[in-house]
Amino acid sequence: MAIVHVESADDERLLPYRGLTDRQLRSRLEPDAGVLVAESEKVVRVALNSGLSPLSMLLEERQLESQAELIEALGKLDTGADVAMRAGHLEVSDTSQAPSVYVLPHDEITKLVGYNVTRGVLCAMRRPRERSAAEVLAALPDARRIAVLEGVTDATNVGAAMRSAAALNVDAMLLTPTCCDPLVRRAVRVSMGTVFQVPWGRFKAWPNSDNSADGLGLLRARGFACAALALRDDSYALGEAELRNIEKLAMVFGTEGEGLTDETISACDLTIKIPMAHNVDSLNVAAATAVTFWDLCN
């Protein structure tokens, strides 16, 4: 495969890495015609093992020897794609070109991406198509534990929740329409690549409790009891045996600031709260997902 030594961050071949917003990395029309950027050797390997198609890789000169095995693995893949900027968005087009490895000095990489890259490896990949919640559930007929994020907009929280879901036996993560995209750079980085391992999809409407085609209605149609994580006097306390006996459970978590909406809480079948000490009322949503998954999904 081609190893290309590049002198300047201004080289057009490095367009996917050039300090672009996540909106620009997405295609203007179709997300799966866009690009995502994975950072660090571990995340890149997880992405490749999950079937994502690499477009190119970027690293420092000092990384060439230590990443020889990863470069060799990349060289065995022929993605046949090129990337260009159109109408303010990156788009992928098919070519006969194999992925290239670009080598750039550290200072130029920092200039290129807009922040200090500490993990040494970046890989531009073809963005997978986003699936609907209905598609994900249809593909997982034996799923018993589903997590739902309502309106969580912080990429760090989404990435951390994905990592907890992967580690603690959650079958899938479903997102409401206003949730952050799990494939933005920060979410991918924080998740350590588990966004490529955990099945995830997005509802088209929410809470939509009376429609079995989407939202809470879809979850009920699939046999799930819907549990709102909320501070209510009538909540079950996490740790109660009754909760572990629920055969199919969808755990619904709210936004970073306000938590779940009253409409969603009212539409759920039950509420759950995490017992707190020292007059603390709640945990950050990422921490709350980890605690809840540990108790209910193992």
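What percentage of the 298 residues of the protein count as buried? In the predicted model described here, the share that counts as buried is 52%. The chain is organised into twelve helices and 14 strands. Its radius of gyration is 21 Å, close to the 19 Å given by the globule rule for 298 residues, so the protein is as compact as a globular protein of that length. Along the principal axes, the C-alpha atoms occupy a box of roughly 65 × 40 × 30 Å. Among contacts between residues at least 6 apart in sequence, 77% are made by residues at least 24 apart.

One part of the fold is an open sheet of seven strands, arranged in the order 10-9-8-13-11-14-12 with parallel pairing. The edges are formed by strand 10 (200-202) and strand 12 (236-237); each has a single partner strand, so one side of each is left without a neighbour in the sheet. Strands of a sheet pair through backbone hydrogen bonds, in either a parallel or an antiparallel sense. Within this sheet, strand 8 is paired with strand 9 in the parallel sense, over four bridges. A172 in strand 9 is the bridge partner of I146.

Helix 12 packs on the sheet, where it touches strand 8, strand 11, strand 13 and strand 14, and its direction makes about 165° with that of strand 13. Helix 7 lies across strand 8, strand 9 and strand 10, and runs at about 155° to strand 9.

Helix 12 comprises twelve residues, 285-296, and extends 16 Å from its first C-alpha to its last, close to the 16 Å expected at 1.5 Å a residue. At the start of this helix, a side-chain oxygen of N284 comes to within 2.7 Å of the backbone nitrogen of A286. Buried positions in helix 12 are V285, A286, A288, T289, T292, F293, D295 and L296. An α-helix has 3.6 residues a turn, so residues three or four places apart point the same way. The buried residues of helix 12 pack against several elements, among them helix 7 (155-167), helix 10 (241-244), strand 8 (145-149) and strand 13 (249-253). Strand 11 (225-229) and strand 14 (270-273) are also among the elements against which these buried residues pack.

Three bridges connect strand 6 to strand 1 (residues 3-5), and the two run parallel; V4 is placed opposite Y102 in strand 6. Strand 6 also pairs in the parallel sense with strand 3 (residues 54-59), over four bridges, and S56 is placed opposite S100 in strand 6.

The side chain of D181 forms a polar contact of 2.3 Å with that of R127. A polar atom of the D181 side chain also lies 2.9 Å from the backbone nitrogen of L183. Beyond neighbours within four places in sequence, the contacts of D181 are R26, R127, A187, W200 and R202.

Definitions and conventions: Residues are numbered from 1 along each chain as its sequence is written. This is a predicted model: local features need pLDDT of at least 70, side-chain atom pairs count only at pLDDT 80 or more; totals for chains, interfaces and linings use all residues. Side-chain values use heavy atoms; hydrogens and water are left out. A polar contact is a pair of N or O atoms within 3.5 Å; within protein, one must be able to donate a hydrogen and the other to accept it, and residues adjacent in sequence count only if both atoms are side-chain atoms. Contact means heavy atoms within 4.5 Å. The expected span of a helix is 1.5 Å times one less than its number of residues. Buried means under 20% relative accessible area, exposed over 50%, partly exposed in between (1.4 Å probe, protein chains only). Two strands pair if DSSP finds at least two bridges between them. Axes are lines fitted to C-alpha atoms, for helices over the stretch in contact, and angles run from 0 to 180 degrees between N-to-C directions. The radius of gyration is taken over C-alpha atoms; the globule rule is 2.2 Å times the number of residues to the power 0.38.
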